[in-house]
Amino acid sequence: MKLRVSGLSKSFGAVRAVDGVSFALDAGQMLALIGPNGAGKSTCFQCINGQLRPDSGRVEFDGTDVTGLGVATRARMGMARTFQIAQVAVSLTVRQHVALALAARDPAAWRRLGTRGLRGAQEEVQAWLERFELAALADRPCLELPYPELKRVELASALAQRPRVLLMDEPTAGMTRADRRALMALVKQEAARGLAVLFTEHSMDVVFGFADRVAVLVRGRLVAQGTPQQIAEDPQVRAAYLGTTAVEEGA
Ligand code: ADP
Ligand code: MG
């Protein structure tokens with residue numbers, strides 16, 4: 001297992017935001033964490049990536065207990081994340097942005113700038129740009145990009161660091177149906193190469209189109225876990241959540 005969460009709990013005062021949540025994620029799998037607003041999805045994420053310390057429970061990454069480790073340490077171990085609103089250094093060009101991400105993975109490559117090592121790095125940067133359909137935009141400042149392309153820069157930069165687990169909290173928020181499907185298709189392609197992906201998502205077309213497994217959180221508790229098919233048919237899930245949103249396909 002790439003990621004194993006056991007008995008995770010986190011309260012804010014009297015609010016039990018995450019309450020005894022357990023699930024596991026294997027290499028090559030895409031797991032969608034869904035649930036109504038306030039269900040505890042983001043809190044759960046933040047406990048997994050190290051932004052928040054849970055009150056109890058455990059997070060294991062590749063068999064190592066990382067519950068007490070910080071964000072930067074988990075990132076170095078191979079845990080990457082993207083943000084609900086793409087976080088990109090907008091003054092850089094697309095190429096510079098991905099190159100910096102590569103350098104962050106390998107500080108030695110950074111020191112080789114201007115030498116033969118750089119040419120190798122440039123080829124790798126180019127490969128990432130092509131993989132994420134960014135080659136034509138390579139020399140444009142990120143500032144000029146439309147949002148879906150900016151989101152691809154964020155994703156390419158996260159993945160250029162060669163993580164083994166990718167965490168995405170509402171990756172397609174605010175995107176059109178076509179754009180969110182295009183983005184998730186790129187993520188799926190990385191999963192096919194072995195990346196483990198955990199994401200939260202409100203758009204049911206994305207959940208049912210891309211997740212291998214779905215976990216449903218309601219008021220901090222996991223009420224169901226299974227294949228998209230099992231979740232779609234689960235009466236408790238329909239009553240608690242899907243009943244109101246399953247038909248909401250968005251733009
Ligand atoms: P979701 O991402 O599923 O919408 P959240 O994890 O953001 O849910 O929130 C779960 C619950 O915890 C909500 O009741 C929310 O108001 C509360 N909460 C989240 N973060 C904080 C915080 N930093 N301080 C206090 N309460 C919080
Ligand atoms: Mg949230």
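1. Let me start with the pocket lining: in the largest pocket it divides into 13 nonpolar, 6 polar and 6 charged residues. Here Ala, Val, Leu, Ile, Met, Phe, Trp, Tyr, Cys and Pro count as nonpolar, Asp, Glu, Lys and Arg as charged, and the others, Gly among them, as polar.

2. A word on the basis of this note: the model is predicted, local features need pLDDT of at least 70, side-chain atom pairs count only at pLDDT 80 or more, and totals for chains, interfaces and linings use all residues. Residues are numbered from 1 along each chain as its sequence is written, chains are lettered from A and ligands numbered from 1 in the order in which they are written, and side-chain values use heavy atoms, with hydrogens and water left out.

3. Back to that pocket, which has a volume of about 540 Å³. Among its 25 lining residues, A75, A80, R81, A158 and Q161 are the closest to the centre. (A pocket is an open set of points on a 1 Å grid over the protein atoms alone, where a 1.4 Å probe fits, with protein on both sides within 12 Å along at least five of seven lines; lining residues have an atom within 4 Å of a point. Points are joined across faces, edges and corners, and the volume is the space filled by probe spheres set on them.)

4. Which elements supply at least two residues of this lining? They are α2 (71–77), β6 (79–82), α3 (94–105) and α6 (147–159), and α2 gives the most, with 6 residues. (Helices, H or I of at least four residues, and strands, E of at least two, are DSSP runs numbered from the N terminus.)

5. Now to ligand 1, whose surroundings are F12, V15, A17, P36, N37, G38, A39, G40, K41, S42 and T43; a residue is near if one of its heavy atoms lies within 4 Å. This shell holds 5 nonpolar, 5 polar and 1 charged residue. Both β2 (15–25) and α1 (41–49) supply at least two residues each, with α1 giving the most, 3.

6. The polar contacts (pairs of N or O atoms within 3.5 Å) to oxygen atoms of ligand 1 include the side chain of T43 at 2.5 Å, the side chain of K41 at 2.8 Å and a backbone N or O atom of A39 at 3.2 Å. Taken alone, ligand 1 exposes 560 Å², of which the protein buries 57%; areas come from the Shrake-Rupley method with a 1.4 Å probe.

7. Two backbone angles deserve a look. R162, in the loop between α6 and β7 (165–169), has a positive phi near 50° although this residue is not glycine. E170, in the loop between β7 and α7 (177–192), also has phi near 50°, again positive in a non-glycine residue.

8. Overall, the protein has 10 helices and 10 strands. Its radius of gyration is 19 Å, close to the 18 Å from the globule rule for 251 residues, so the protein is as compact as a globular protein of that length. (The radius is taken over C-alpha atoms, and the rule is 2.2 Å times the number of residues to the power 0.38.) The C-alpha trace spans about 60 × 40 × 30 Å along its principal axes.

Technical notes. A polar contact is a pair of N or O atoms within 3.5 Å; within protein, one must be able to donate a hydrogen and the other to accept it, and residues adjacent in sequence count only if both atoms are side-chain atoms.
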